Amino acid sequence: MAKKPEIDALAGGAAFRELGHELVDRIADFLDGIPDAALVPPLVQGQSLQDMRARLGEGGLPETGADPRRVLDDAFKLLEEGVRINAHPRSWSYVIGSAAPVGMLADLLAAAFNPNVTAWDHYPMAAEIEGQTVRWVAELLGYPVGCGGLFTSGGNVANLIGVLAARRWAAGADLREGGLAETDGGKLRLYATDQVHTWLDKMVEVTGLGTAAITRVATDADQRMDVGDLAVKLAADRAAGLRPFLICASAGTVSTGAVDPLAALADLAEAEDLWLHIDGAYGAPAVASPLAPEDMGAMGRANSLAVDGHKWLLAPLEAGIALVRDKRQLLDAFSFRPSYYAFGHGDEEVVHYYNYGIQNSRCLRALKVWTILRCLGRQAYAEIVDRNIRLARMIGEQVQTTAELEPGPQGLSIATFRYVPREAQARLEAEPGFLNELNKRLVGALQRSGIVHVSNAVIDGRFLVRACITNFRTTEEDVRLLPDLAVRLGRDLLEAG
Ligand SMILES: *Cc1c(COP(=O)(O)O)cnc(C)c1O
């Protein structure tokens, strides 16, 4: 009688060993092939939604089990054929991390022991590993290592946690019972530029602050927060009886890598008794490079700081990290004492992570970052970040010397530019949107080229090609391709009409 497949699915031992070895071999082949792979395989390019769904099969939940080898083989092929290779050395759209292979193994290891990092007592060593990782990340970023910190799903939630701690600090202990309505909450105001990522828009809904709580601050010519304008708006809001409580600053905006004047903002926050939160989801690790703007040295003065593990810290998705300078403020915001949790250690002695954030059950996301940082060490890690910044600058320099390319803002490891053909001036009179339309099509053409993957930024009404390099595989040769390719594809678009 044939063995039932579901027995293998639940088995350890020989079945797991065999399936695991096969899968690891295939993953290793995939990883080896990344630099030479087409960035967007032809199958994805030509594939319609219907094709894709047909490949997946329209059947419902299977009633009976299948051979795990076949299921894993299917999964591998589906993902491989449908891949846009994020790890590819010329994958520069959005902020795409390049996952360190050893981090993938760490994720497997974490899944194997499957620790629940809820309370310290659930898996003490897992909680200690998370604690050590938080301290290492803080040290890397120049943040006080005695801070409170935890791993989250990503940057959005890491930012949310910083702001929830700020809100609790501002509204006081009555927040828990009375909510914002009873605590002057309707008057709370926070300050941010229009360059802050959409986490801010979601956050004001989630927290009940509402968009009215955001006072937008002007930016300077480099998309940095204008401190003078901030001071004026603070005074105006105070005069109107409102309660300023929070500055949401950026250490590397998502569009152009702008770093706000963090030292001046920290001074102002201290003088005005405001909470300074810094979104460093993308950019905070740049502080490891000597090329980082001096202001990044002031990140350690923020009340809270968010960074993404799955972007420039080279971890596979998902891993965000929230750091809060005073750990008591995290406890104030999130600590509860349910009757079903009775532990031998208090919050002063150990970290019960369910008291630090939103989640209850939590996986050991920290392990991949712990493993990567241990394997690389600070020096090798800093060199990767530094090289990425140099490569982005190299794109900027090439753009400067390429006829028909116009440089846009450049910050950290982001370069922007647009294609401005010789005949642009004549065309613009009749079609004011000509350049934006052309560059929008150019980004599409670059993406479809299979050679590079870039995205866009819109700055001061200009639609720009944007390349963001957070990839340890990217080389000089890779970046040198971009400017000429952009001009060639731009020409083709013009000629095609
Ligand atoms: C990516 C990003 C975020 C959001 O992080 P997720 O990990 O996608 O949730 C927030 N801010 C900035 C600057 C980012 O680059």
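Helices here (H or I, at least four residues) and strands (E, at least two) are DSSP runs, numbered from the N terminus. This is a predicted model, where local features need pLDDT of at least 70 and side-chain atom pairs count only at pLDDT 80 or more, while totals for chains, interfaces and linings use all residues. Residues are numbered from 1 along each chain as its sequence is written, and side-chain values use heavy atoms, with hydrogens and water left out.

H6 itself covers residues 101-113, and its 13 residues should span 18 Å at 1.5 Å a residue, the expected span being 1.5 Å times one less than the number of residues. The end C-alpha atoms sit 19 Å apart, which agrees.

Which residues of H6 are buried? They are Gly103, Ala106 and Ala110, where buried means under 20% relative accessible area, exposed over 50%, and partly exposed in between (1.4 Å probe, protein chains only). Looking down the axis of H6, the buried residues fall within an arc of 50°, so they line one face of the helix; that arc is taken from the directions from the helix axis to the C-beta atoms.

The buried residues pack against helix H14 (366-400), with contact meaning heavy atoms within 4.5 Å. Over on the other side of H6, Ala111 and Ala112 are exposed.

## Salt bridges

The structure has 28 salt bridges, each one a side-chain nitrogen of Lys or Arg within 4 Å of a carboxyl oxygen of Asp or Glu. Take aspartate 229 and lysine 233: their closest N and O atoms are 2.9 Å apart. Both belong to helix H11 (residues 227-239), four residues apart, or about one turn of the helix. Aspartate 229 is buried because its relative accessible area is 17%, while lysine 233, at 25%, counts as partly exposed.

Arginine 224 and aspartate 220 also pair up, at 3.3 Å from N to O. Arginine 224 has 24% relative accessibility, so it counts as partly exposed; aspartate 220 is partly exposed too, at 31%.

## Linking strands

Arginine 418 and glutamate 406 form another salt bridge, with the closest N and O atoms 2.7 Å apart. This pair links distant parts of the chain, with arginine 418 in strand E9 (residues 414-419) and glutamate 406 in strand E8 (residues 405-411), twelve residues apart. Arginine 418 counts as buried at 12% relative accessibility, whereas glutamate 406 is partly exposed at 24%.

There's also a network of salt bridges linking Glu404, Arg422, Glu423 and Arg491.
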